[in-house]
Amino acid sequence: MKVTKEKAAENRAALVQAAAHLFREHGIDGVGVAEISKQAGLTHGALYAQFPSKEALAAEAFASALKGGLEQITAGRDGRPATLTDYLDWYLSFDHRDNLATSCAMSACVSEVARQDKVICDRVTEAFEQLVAVMERGLGASPVKAENRQRALAMAAAMVGGLAASRAVAKTDPKLSNEIVRALRRIVGEVGGEERHVDGARGRVRGTRKRVRRTRRITANQESP
């Protein structure tokens with residue numbers, strides 16, 4: 001039976017969504033086309049009618065997931081533009097760490113990407129550059145003596161790699177995992193100049209504690225015993 005253009009587009013979207021969730025939850029190499037097809041409610045034939053290989057599907061799935069993640073990070077809050085604090089509160093949170101299937105695709109699969117096909121690496125590289133740009137736009141004054149791009153690069157790399165590290169130890173040492181997330185949240189915020197401003201009278205950089213206290217209250221109840 002011939003598939004209409006509308007149905008073909010629907011099938012493609014279902015496969016991309018299924019692959020994006022499964023790759024983040026189980027890893028790229030931990031999921032086969034059979035599982036992806038089943039999750040999407042389709043057959044192998046339907047998958048290969050849309051994509052010539054698993055790698056091609058993975059590239060599109062990563063592009064979709066990474067785009068969605070960046071949109072979530074930068075989405076406005078309560079009718080105002082998102083700030084650096086908003087970015088960090090979402091990304092460096094226990095909820096983000098614990099929900100792999102809907103998390104940032106880079107942090108979920110960062111250890112695997114270097115061993116994958118170049119087309120997948122290309123999508124991740126593009127998304128990482130976009131994350132760096134988002135971080136750079138949110139920078140404030142900071143005592144860290146580095147160029148803005150260097151600060152943004154270090155922040156993005158710490159966020160992605162640090163979250164992956166916190167997941168790696170979570171099963172055996174939940175307390176350590178929580179410590180990693182909290183340390184990242186504090187240090188990345190400091191490097192980014194979160195809630196800082198220059199005192200015009202003395203030219204000193206002062207940090208406001210309000211956001212830090214609020215973040216601590218949010219995370220306090222999530223700490224494992």
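Author: Take "cavity" to begin with: it is a set of grid points where a 1.4 Å probe fits but cannot get out, and its lining residues have an atom within 4 Å of a point. The model here is a predicted one. In this model, Ala19, Ala20, Phe23, Arg24, Ala61, Phe62, Ala65 and Ala105 line the second largest cavity. Two or more of the lining residues come from each of α1 (5–26) and α4.

Reader: Which helix gives the most to the lining of the second largest cavity?

Author: That is α1, with 4 residues. The space in this cavity is about 30 Å³. By class, its lining has 7 nonpolar residues, no polar ones and 1 charged. Arg24 is on the list of lining residues, and Arg counts as charged.

Reader: What makes one residue in the lining of the largest cavity polar?

Author: The lining is made up of 11 nonpolar residues, 1 polar and no charged ones.

Reader: Why are α4 and α8 called roughly parallel?

Author: Helix α4 (residues 54–74) and helix α8 (residues 118–137) pack at an angle of about 10 degrees. Angles under 35 degrees count as roughly parallel, and therefore α4 and α8 are roughly parallel to each other. Their axes are 8 Å apart.

Reader: Which residues of α4 and α8 meet?

Author: Among them are Ala58, Phe62, Leu66 and Ile73 in α4, which side meets residues of α8 including Ile120, Val124, Leu131 and Val134. The contact of α4 with α8 divides into 13 nonpolar, 2 polar and 2 charged residues.

Reader: How do you know whether Ser37 is buried or exposed?

Author: Ser37 has a relative accessible area of 1%. Buried means under 20%, so Ser37, at 1%, is buried. Its place is in helix α2 (residues 33–40). Leaving aside residues up to four places away in sequence, Ser37 touches Leu15, Leu42, Thr43, His44 and Leu47.

Reader: And what makes Thr83 partly exposed?

Author: The relative accessible area of Thr83 is 30%. Buried ends at 20% and exposed begins over 50%, with partly exposed in between, so Thr83, at 30%, is partly exposed. Thr83 is in the loop between α4 and α5 (84–91). Thr83 and Val134 are 51 residues apart in sequence, and their C-alpha atoms are 9.7 Å apart in space.

Reader: What makes a pocket something other than a cavity?

Author: A pocket is an open set of points, whereas from a cavity the probe cannot get out. The second largest pocket has about 360 Å³ of space. It is lined by 14 residues, and the closest to its centre are Leu100, Ala108, Ala164, Arg167 and Ala168. Two or more residues of the lining come from each of α6 (94–98), α7 (105–113) and α9 (148–170). The most come from α7, with 6 residues. The lining of this pocket has 7 nonpolar, 2 polar and 5 charged residues.

Methods:
Residues numbered from 1 in each chain as written. Predicted model: local features only at pLDDT ≥ 70, side-chain atom pairs only at ≥ 80, totals over all residues. Heavy atoms only, no water. Buried < 20%, exposed > 50% of the residue type's maximum accessible area, 1.4 Å probe, protein only. Contact = heavy atoms within 4.5 Å. 1 Å grid on protein atoms, 1.4 Å probe; cavity = no way out; pocket = protein on both sides within 12 Å on 5 of 7 lines; lining within 4 Å. Points joined across faces, edges and corners; volume = space filled by probe spheres on them. Axes fitted to C-alpha atoms, helices over the stretch in contact; angles between N-to-C directions. Parallel < 35°, antiparallel > 145°, perpendicular 65-115°, else oblique.
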